[in-house]
Amino acid sequence: MCYNCGPSRRSFATLLAAGAGMAALAACSPDTRVASPTSAPSPSGLQTAVPTVATTTAVPTAAASEPPSSAPPSSAPPSKAPPSGVLSQQFSLSDPASQWVIVNKHRPLTPLQFVPPDLVQPRVQLAVSGEASLLNSTTAAAAEKLFAAAASEGATMTLASGYRSFQTQTATYNGYVSTRGQASADTASARPGFSEHQTGWAFDIGDGGGACSFEPCFADQPAAVWAKANAFKYGFVVRYPWMLNEITGYYYEPWHLRFVGVEAATDMAKRGIGTLEEYFGLEAAPGYP
């Protein structure tokens, strides 16, 4: 698998139409369509809607202050060996305050109603307001560098969906269940307590042109193309890669970025490893137990 080679809009659409995939599914599943970047709200007063729970001590980040000058990701066959002993710092895979926490259909958050204690609004172009414009402080700082670097190379990103509380995820998921049934809902939306958005370590991007938000064709937009090739330099991975849904539980989401730190993200890219499950030696999580 070529880490930097994504399907074209035409090939993605053809595959979906042939029945090999479903519509691009959402671990993200925002309950409203992202607004145009030109209508991004004022940043004032947005943290007032966020619960103030601070029960977890934040884990020190391994992110470097500047992106490394490493080569682009390799196209060599992926190594399945976990990074134990390889990286200079190790973090918990279970603590939601850890930048390596793994949240998937087999691994709920503990506690289920976890709230990051350090939610802030990053200084980036917003396409959302309220809690969705917030990230934890480490992710926010890295996102500012990511967005600035993308803009300097002609790719304008917007923050399309950030933090999502347990209560918001509950309402979103229940909406899917009421209209589609639980089996279908589980293919389109994370259950409450099973979403990366609740951790503050993940967010969705939009393209500055406003095209193809949360649609398969987003993979061809400048923001998505740039992020796929460069996000690792700033500590981010595309969490749900192309054709790896049998491992992650979600179809390709070129808009969903997850912070794991520069060292781990770069190591994954160099070794051609596409998913966090493979990288950390965890079982695949295609569905709920």
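Before the first stop, keep in mind that this is a predicted model.

**Stop one: strand β4**

Select residues 202–207, which make up β4. How many of the six residues of β4 are buried? Six of the six are, so the strand is largely enclosed by the rest of the structure. Now show the side chains: A202, D204 and G206 point one way from β4, while F203, I205 and D207 point the other way. Residues on either side of the strand are buried, including D204 and I205.

**Stop two: the neighbours of β4**

To find one of them, pick M157, whose bridge partner in β4 is D207.

Click on D204 and then on H256, its bridge partner in β6.

Move on to the loop between β4 and α5 (222–230), where you will find F214. Check the backbone here: F214 has a positive phi of about 55 degrees although it is not a glycine. Is F214 buried or exposed? With a relative accessibility of 17%, it counts as buried, because the cut-off for that class is under 20%.

Now select C212 and C217, which form a disulfide with their sulfur atoms 2.1 Å apart. A disulfide is a covalent bond between the sulfur atoms of two cysteines. The torsion about the S-S bond of C212 and C217 is about -110 degrees, so this disulfide is left-handed. Both C212 and C217 are buried. The disulfide count for the model comes to one.

**Stop four: M243**

Go to the loop between β5 (236–240) and α6 (245–248) and select M243. M243, too, is not a glycine but has a positive phi, here about 65 degrees. Its setting is another matter: M243 is exposed, with a relative accessible area of 53%, whereas F214 is buried.

**Stop five: a cis peptide bond**

Finally, select T110 and P111 and look at the bond that links them. What is the geometry of the peptide bond from T110 to P111? The bond is cis, with omega near 0 degrees. P111 sits in the loop between α1 (9–17) and β1 (119–120).

How values were computed:
Residues numbered from 1 in each chain as written. Predicted model: local features only at pLDDT ≥ 70, side-chain atom pairs only at ≥ 80, totals over all residues. Heavy atoms only, no water. Helix = DSSP H or I, 4+ residues; strand = E, 2+ residues; numbered from the N terminus. Buried < 20%, exposed > 50% of the residue type's maximum accessible area, 1.4 Å probe, protein only. Disulfide = S-S within 2.5 Å. Pairing = 2+ DSSP bridges.
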